Amino acid sequence: MHRLPNNKMKQLISCIFLIAVVSAVIEFPELSHLKSKTSPKVQAQAVKDLIQRLINNRSSEFEVYIDESIGPKNRNTFQLSSTENGIQIVGTSGVAASLGFYYYLKYYCNGQRTWAGQQTELPPVLPVITTPVKVTTNDQFSYYQNVCTSSYTMAFWNWDRWEKEIDWMALQGINLPLAFVGQEAIFQRVFLSLGFTQADLDLHFGGPAFLAWARMGNIQGWGGPLPQMWITNKLVLQHKILARMRSLGMIPVLPAFAGHVPKAITRVFPNAKVTRLGDWAHFNATYSGLYLLDFQDPLFLKIGQAFIEAQSNEYGTDHIYNTDTFNEMTPTSSDPSYIRAAGQTVFNGMLAADPQAVWLMQGWLFGDESYWKPELVKALVTSVPQGRMIILDLATETNPIYQRLESYYGQPFIWCMLHNFGGTMELYGAVDQINKGPFIGRQFPNSTMVGIGITPEGIHQNEVMYEFMLENSWQSQPRDVNDWIVKYARQRYGADSPSAIAAWKLLMKGIYNAPTSIRDFDHVLITIRPTPTYDIKSDVWFDPEDLFSAWDNMLNASFDLNGSELFLYDITDVTRNSLQIIALQFYSAMVTAFQKKDIPTVKEAGQNITNLLADLDHLLSSNERFLLGPWIADARSWATDDNESKLYEYNARNQITLWGPTGEIHDYASKQWAGVVADYYKPRWQFFTNWLVQLIQNGSQWDFYIFGEKILSTVEIPWNIQRYQYPTTPTGNSIAISKSYHDKYRPLTKDPFFRKLLGRQLKKQQLKQTPESLYDRKMKIFQ
């Protein structure tokens, strides 16, 4: 028997694997109308404009054409080739052509464009493509955004920032982005036409930093009232966002009516049948317990239809809508007929105004397995005709719900990487699951997977995970992570650096390779409200020495890469996370001393933590991506008078700290930014240290509630209502500061404490027979 050479055998296996993946997925003709209506000429010009924004005068060396015929239907295909004048890019859409340009930038020119900056310095002569390259995506859709991203990260973005993000989406091949800006103007129009007053809406709409949860029916009024100029200016912004998305061939996902109505419903429509949802995340009845229209009440369909019609008249439509009625809220009935009626009514509200409507629903709610038993999930998802609902399997990388729900009982779903909660900033990733998971999803029996997506609650962190994940749209098989990270480092810095590569390899095998039992919540010791009962093992799922060695290597690489914008970000980020882990040792010493009533050691350990926080703030001040100032300045920029400025700044401060009037979800959206570290986290730890000393001196026991009340009134609320203008530009040299703190703190990492810490965590994972559900773990934070 003739034996194929190893390289030929690998190619054959890859082909068989790819064919198996493609054939395993069901196609949905009901989704075929979800495609761009923008002309090829307009899309091509939009891509040319994007390239010009990215590389300026070198853009003339790229030719762009849009031709749907070069690839299969319902997929994105690009083709690259060299011409006498430069590089020719042909794509089936503007998104496909943009993805093709980014492919060339990364894999021929060693370039990269991320949230932290870009490395787009092209070679003097563009590399020649000897054989034309043709790539087709695996799925119909590449989706982007969590409904929370619009508040945790994008709340105060202006058009300039949105333009950069839409460019990034196109380069990454995202063709199905959420477009939730400006919906309050539409709801205002509809509700006022029905007889509600503006005063009613002032109690209903959330504040600028909390709109995501008001839209989902979790809270009402908190952070408000929402100024009229905010509503109007966001409507104007949405027009720009949608025009740019559509010009690039994207299919924007717009909102729909979920059934939540202002509390004045009982006055305006006294005969309307309504129920009140339960309270959410400690918020009292003033801000929670929204009214939900009964699914049998004719008013539900009337409002649902009116909203879609008003929105379509204002913004147009691409026939796909997102809405979530029961996000983190338990329905009032567990009768399948009730749940089926809920789904039918929500969808019929869309259908009455748009016969081509498709409902895109976040599948996060199904993580609550105590309520959402298979029969209830089936009742909801099959209440809509097959192919007219797409479920975002929101956190598939750690909780693949589609597997226990028979691929959502025949409805299409999108395999998503959630990755981040609250926009927190610790280094984290689950690269192994992300590398293999989408391919497993396509091979699942009777798979209904129609795309991949990224659904982080907040962005501006862990960029490597997003670059890696989004390549799954076109990669034909799981990658060798070590090989991939070598290319990534070269692309990120535009140069070869053995030390940088060594650092990234250590990070990818350790901190970025978390097991499925580890999820990235707000569990970072230095940014939580201090307590002597914190489980430090929750901060570590990797060998700390791998992180510290990566820190060593990053500093070694600084001699070669000190001019790289992205390297300066990375050295700051790795140093930041190293200090975060080192703080665990000081904390452990403090708690042990408190238990032994050893006041001098409590004071010493507390001083070590506050000194570390001062050093951390100094480090973060050196890089513009780690400053509090821009977040608050962006919030203020929307104001038209001082009252609005005060409201917007309070929203910005409150969301990242107390998250509610009295800390209802405190620290869930914590940020390691210069300013908040020095003026909020550091004073809290000073207060905590003094509190423990007083407890020992008075012979008192720790009381969680008494401490919470005192630190709330003494430290937390005062900072929330301050108006100090924090810097928006960095000061200092990130490399020099990192080097000085490496000299200061690296010797401490040789302590056996850190090795023992890893051992405790590994033992904890081995003992954990049934991983706690992702949904349950998050909801514990809200209890």
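Student: Okay, so where does UniProt place the feature "domain: Alpha-N-acetylglucosaminidase tim-barrel"?

Tutor: UniProt puts that one at residues 143-475, in an unreviewed entry. Keep in mind that what you're looking at is a predicted model.

Student: How much helix and strand is in residues 143-475?

Tutor: That span is 39% helix and 11% strand. Its end C-alpha atoms lie 16 Å apart.

Student: And where does the "Alpha-N-acetylglucosaminidase N-terminal" domain go in UniProt?

Tutor: The unreviewed entry has that feature at residues 45-127. Here the chain is 30% helix and 29% strand, with 23 Å between the end C-alpha atoms.

Student: What does the domain assignment give for the protein chain?

Tutor: The assignment lists domain 1 (29-136), domain 2 (145-182 + 227-257 + 295-473) and domain 3 (509-764). As you can see, domain 2 is written as three stretches.

Student: How far apart are the centres of domain 2 and domain 3?

Tutor: Taken over C-alpha atoms, the centres are separated by 32 Å. The two domains are in contact, with 37 residues from domain 2 and 41 residues from domain 3 taking part.

Student: Let's do helices. At what angle do α17 and α18 pack?

Tutor: About 130°, with the axes 9 Å apart. Helix α17 covers residues 481-493 and helix α18 covers residues 498-509.

Student: Why are α17 and α18 called oblique to each other?

Tutor: Roughly perpendicular stops at 115 degrees and roughly antiparallel needs over 145, so with their angle of about 130° α17 and α18 come out as oblique. Their crossing is right-handed.

Student: Which residues make that contact?

Tutor: On α17, they include V481, I485, Y488 and R492. On α18, W504 and M508 are among them. By class, the contact of α17 with α18 has 10 nonpolar, one polar and two charged residues.

Student: What about α16 and α17, how do they pack?

Tutor: Helix α16 (residues 463-470) and α17 pack at an angle of about 115°, and their axes are 12 Å apart. The crossing of α16 and α17 is right-handed.

Student: Which residues of α16 and α17 touch?

Tutor: E463, V464, E467 and F468 come from α16, while α17 brings V481, W484, I485, Y488 and R492.

Student: Switching topic: how do α2 and α5 cross?

Tutor: Helix α2 (residues 40-55) and helix α5 (residues 159-171) cross at roughly 110°, and their axes come within 11 Å. That makes α2 roughly perpendicular to α5. The crossing is left-handed.

Student: Who meets whom there, and how do they divide by class?

Tutor: L50, R53 and L54 in α2 meet E163, D167, A170 and L171 in α5. That's four nonpolar, no polar and three charged residues.

Student: Last topic, the loops. Which residues does the cis peptide bond join?

Tutor: G224 and P225, with omega about 0°. P225 sits in the loop between α8 (211-215) and α9 (228-247).

Student: And what's the phi of H419?

Tutor: H419 has a positive phi of about 70°, although it is not a glycine. You'll find H419 in the loop between β16 (413-417) and α15 (431-443).

Terms used:
Residues numbered from 1 in each chain as written. Predicted model: local features only at pLDDT ≥ 70, side-chain atom pairs only at ≥ 80, totals over all residues. Heavy atoms only, no water. UniProt positions renumbered as here; feature names shortened; annotations may be inferred. Helix = DSSP H or I, 4+ residues; strand = E, 2+ residues; numbered from the N terminus. Axes fitted to C-alpha atoms, helices over the stretch in contact; angles between N-to-C directions. Parallel < 35°, antiparallel > 145°, perpendicular 65-115°, else oblique. Left-handed = near helix turned anticlockwise from the far one by under 90°. Contact = heavy atoms within 4.5 Å. Nonpolar A, V, L, I, M, F, W, Y, C, P; charged D, E, K, R; others polar. Domains from an automatic or database assignment.
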